[in-house]
Amino acid sequence: MDKCIACGECVKKCPGKTPDEFNEGLDKRKAIYVSYPQAVPLKYAIDPSRCLKLLKDKCGTCEKVCPTGAINYGDTEQMQTLHVGSVILAAGFKPFDPSKLDNLQYSNFPNVVTSIEFERILSAGGPTLGHIQCFPDKAEPRKIAWLQCVGSRDQNKCDNKYCSSVCCMYAVKEAMMAKDHISGEFEAAIFLMDMRTYGKDFEKYYERAKDQGVRFVRSRIHTITEDDDKKLICTYVMEDGRKIEEVFDMVVLSVGMETPADLAQAVKDMGVELNANNFVVTSSFSPVETSRKGVYVCGALQEPKDIPLAVMEASAAACDAGTSLSPFRGSLTKVKEYPAERDVVSQDPRIGVFVCNCGTNIGGIVDVPSVAEYARTLPHVAFVEENMFTCSQDTQDKMKQVIQENDLNRIVVAACTPRTHEPLFQETLRDSGLNKYLIEMANIRNQCSWVHSKEPELATIKAKDLVRIAVTKVALMRPLPQPSVGIVQKGLVIGGGVSGLTAALGLARQGFFTTLVEKKEVLGGNALSLNYTWNGESISENVKALVQEVQDHALIDVFTSTRVSATSGFIGNFQTTLATDDKEQVIDHGAVIITTGATERQPTEYLYGEDERILTHLELDRKMANDSDFVKTTNTAVFIQCVGSREPERMYCSKVCCTHSVKSAVKFKDLNPDMEVYVIYRDIRTYGQREELYAEARDKGVIFIRYAYEHKPVVEKQGADLCVTVKDHVLDMDLEIGTDLVVLASAIVPEDNVALAQMFKLSLNDDQFFMEAHAKLRPVDFATDGIFLAGMAHYPKPIEESIAQAKAAVSRATVVLSKETVTVDGVVSQVNEALCRGCGACEETCAFGAIAVNELDSGVKIATVQQALCKGCGACAAACPTGAASVFHYDNEVLAMVEAALEQ
Amino acid sequence: MSTDFNPRILTFACNWCSYAAADLAGVSRFQYPPNMRIVRVMCSGGINPNYILKAFEKGADGVLVSG
């Protein structure tokens, strides 16, 4: 495997073909293949069920054409035994197979596809290169229907009672992308039961889709037939009872997630408990711990979930797994020694150029000897060599020797892309005593021979140009320092709710001293007002235990009635001022976790505050905790959903309210089965396995009435009686419900985060929740290093997700705190103080808080760069009106490259 | 414009996206005309207008900023 350079020569010649699993079998791959273009490691593998050599001892072509001798037919699967301290299950899910649903005709009609197939069809690297085509004439579809809940929320045609959580959002996304991909007239329709866009910023996307004409139909297509042109005739019934037949060119089945049977068996065999849905059993307060000690779970194997939550859980599992191993941290690591760096600053450039053939990948197109010959004519070039494979280990050894023998002080490698290979050559430079930044690569493979294979002469000219550009640049480059910065191995957690408590405890359990700051007098946050999680675990008992453990922990300092008033510093070295009413204290710490939470909005509608029978969720929970006997004498209760959520002023879903109302409704029915309980809602968003709670509520006789935003229910007092009027969507008439209790599912609103955001230079989104570094892939990081995020300060979420996110933040903070020093990258911004006039344009433009204007003792204002935070993007340099700010190696070097590129 | 016009195009490509995409075009063996030269930058936000003016000054027929 080490020899494979992923040149793809083998694939060109391989005769064996088989359906490509990655493209859902929509096209073919060869018997020798790479699973998908971004696979890591990018190495080709042989499919033993298709390879003629392995099956019949014939062919053997790949071995003949492989330029590096990487083919080894004798390589087989090997069983290895590893001794480990923890195991993390991240085995994922399988999309539901809709072929057993005969009414949807997936197996019979080619224009009925699954959503996963449609994802591949939309992909530029997919079977149709991103073009959406219908059978039989490959025409672009003019009308596509998405069918929701295929294999989810269904006990009739399958056994998947749960909601798969992600399908509503991906269907909206696919509809929007299809609109982008298809030129001309196009109609998208999504057939659904409830639209569950409950994630961060999802509701806005849903609204945008509606604005752009995506049609949302509250009905299920029950029958699909095909006409002679393979168009699909879909039959459904509208809410008013009308039967509709509508023709679509394509139908996409939004298939749900399930645990494959063989995986379920393997998990059971490990002694890990699964529930009836074949998902791993966890508890809300230990969301990634399985029933077996030391075995953790993350992702869709625990329950269907989207990418951000899966990523959070992955980090959370790493946190839990790492906690038990933390005493041994670093005990198996080895430190590499390098020779002392040669001082080359005073020397004239002596450039060595290495031109790679990459087997025939470059050499087969580009005239490598003539490129090498040309390189010899360029200024400062002292040494030129051609290699068959410049990246091979023996060439690295030789390169080290050549650099030393010829006293070279700058290197150009003309080969593949610096994105994959620059670190390898930088290492060789370090091994030979050169600063690692004294290399430049000329990309004559990916961006030359591979893309101009039909024009070898022009490719050779381009390769020479690329070498000239690289030589010009490298001659101007100087050694860059990589300073080490010490790390204060202590954490700060801001906010003492469930997330903050979990985060503080997590850091302490990893062995890091942690300060926990809470502005209120008591720890616990919103959880103090909540009774039970959706699956019936006591919140108060668990929170009390959590608070006790935090207060008793020797490595945690708790500050209540305290605020953060100022902060300075950067990753590994923060100084933060904690203020109470009468004193201030500065603490040093290396990382921060922000868990400032959110609060329940005080409603201004539905007569709230005018009658004690009208309560919010938290008020109801507090009332129930004190004395639930009132339920037995209550004849009627009405829950009103989306009170202040999903409205123009607050265009987001508060995520937890549907589950909370349904849970409370079930509790009412349990305590008083004769009680009439109504839930007046817009969409019921009991995602994941919470769906079973919704089913239970309906079974127990809770009545659900849907309302539209334009027709909100009305709460009135008729004398002493409370009355709720709502338009029933099935009967199409107003219902008047006399009630003893109205519970308002009021929105969750963020705390006032502005001051904290400014202090730590963090961003807030339009709704004033903190904005993470990347919505999908970095859900607990900020763009500024060393600062992390968890809980409802990020977005409304239930306790189990807050805890998972807090553990994830601990895991990410541990990456910082576990080191004694951090090495700073050399390609960073610098400020020429003589040119800087302190205008602050750089500070405004920097996304990482890495450059700031400071006033010197003399009163002069100068921008300074915090190297540890700088990513070297150069936005400050582009914004600087005087040319004071610039990035090492991307300043005059770029101008020189431009000139060299355009030299005739 | 004569049909044998062969423009000289200079591209500034962001290391993290467009430059990676140009690499992937190679891996995918997409073919495109060889009259473009790519200068890698760490972010398209760091492209100084002077770089673009310099390109035109030196005879570029087109400049592509991609990021």
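The legends below describe close-up views of a predicted model.

View 1. The domain assignment divides chain A into domain 1 (1–77), domain 2 (94–258), domain 3 (351–476), domain 4 (490–599 + 750–821), domain 5 (600–748) and domain 6 (825–901). The centres of domain 4 and domain 5 of chain A, taken over C-alpha atoms, are 32 Å apart. Where these two domains of chain A touch, domain 4 contributes 11 residues and domain 5 contributes 16 residues. On the domain 4 side of this contact there are six nonpolar, three polar and two charged residues.

**View 2. An open sheet with β24(A) and β39(A) at its edges.** Five strands of chain A lie in the order β24-β23-β22-β28-β39, and their pairing is parallel. Strands β24 (556–559) and β39 (787–789) of chain A are the edge strands, each with pairing on one side only. On average, neighbouring strands of this sheet are turned by 20° against each other, direction ignored. Strand β23 (residues 513–517) of chain A is joined to β24(A) by four bridges, and the two run parallel. Within this pair, A:Val517 has A:Phe559 of β24(A) as its bridge partner.

**View 3. Two helices packed on the sheet of View 2.** Helix α14 (residues 498–509) of chain A packs on the sheet and touches β22 (490–494), β23, β24 and β28 (591–594) of chain A. The direction of α14(A) makes about 165° with that of β23(A). Which strands does helix α20 (residues 799–817) of chain A touch? Helix α20(A) also packs on the sheet, and its contacts are with β22, β28 and β39 of chain A. Its direction makes about 170° with that of β28(A).

**View 4. The largest nonpolar core and A:Phe788.** In soluble globular proteins, nonpolar side chains tend to be buried together. The largest nonpolar core of this model has 214 residues. The residues with the most contacts inside this core are A:Val353, A:Val412, A:Ala414, A:Val467, A:Val742, A:Phe788 and A:Ala809. Helix α20(A) gives the most to the core, with 10 residues. Leaving out residues up to four places away in sequence, A:Phe788 touches A:Ala591, A:Val592, A:Ile593, A:Val780, A:Asp781, A:Phe782, A:Ala809, A:Arg812 and A:Ala813. Another core, of 48 residues, lies apart from the largest one; among its residues are A:Cys167, A:Ala189, A:Met195 and A:Cys234.

**View 5. An open sheet with β30(A) and β33(A) at its edges.** The strand order in this open sheet of chain A is β30-β37-β31-β32-β33, with five strands and parallel pairing. The edge strands are β30 (614–616) and β33 (703–706) of chain A, and each pairs on one side only. Neighbouring strands here are turned by 20° against each other on average, direction ignored. Three bridges connect β30(A) with strand β37 (residues 741–746) of chain A in the parallel sense. One bridge partner pair links A:Leu615 with A:Val743 of β37(A). Helix α17 (residues 657–671) of chain A packs on this sheet, touching β31 (636–643), β32 (676–681) and β37 of chain A. The direction of α17(A) makes about 170° with that of β32(A).

**View 6. The hairpin of β42(A) and β43(A).** Strand β42 (residues 851–855) and strand β43 (residues 861–865) of chain A pair in the antiparallel sense over five bridges. A:Ala852 has A:Thr864 of β43(A) as its bridge partner. The two strands β42(A) and β43(A) form a hairpin, with five residues between them. In the turn, A:Gly859 has a positive phi of about 90°.

View 7. Chain B has two helices and three strands, which follow the pattern β-α-β-α-β along the sequence. The C-alpha atoms of chain B fill a box of roughly 35 × 30 × 15 Å along the principal axes. Chain B has 67 residues, of which 40% count as buried. The contact between the chains takes 32 residues from chain B and 33 residues from chain A. On the chain B side, α1 (18–27), β2 (36–41) and α2 (49–57) each supply at least two residues. Helix α1(B) gives the largest share of that side, eight residues. The residues of this side of chain B divide into 19 nonpolar, seven polar and six charged.

Notes:
Residues are numbered from 1 along each chain as its sequence is written. Chains are lettered from A and ligands numbered from 1 in the order in which they are written. This is a predicted model: local features need pLDDT of at least 70, side-chain atom pairs count only at pLDDT 80 or more; totals for chains, interfaces and linings use all residues. Two strands pair if DSSP finds at least two bridges between them. Axes are lines fitted to C-alpha atoms, for helices over the stretch in contact, and angles run from 0 to 180 degrees between N-to-C directions. Two residues are in contact if their C-beta atoms, placed from the backbone, lie within 7 Å. A residue is buried if 20 or more other C-beta atoms lie within 10 Å of its own, exposed if 12 or fewer, and partly exposed in between; C-beta atoms are placed from the backbone. A nonpolar core is a set of buried Ala, Val, Leu, Ile, Met, Phe, Trp, Tyr and Cys residues joined through C-beta atoms within 7 Å. Ala, Val, Leu, Ile, Met, Phe, Trp, Tyr, Cys and Pro count as nonpolar, Asp, Glu, Lys and Arg as charged, and the others, Gly among them, as polar. Domain bounds come from an automatic or database domain assignment.
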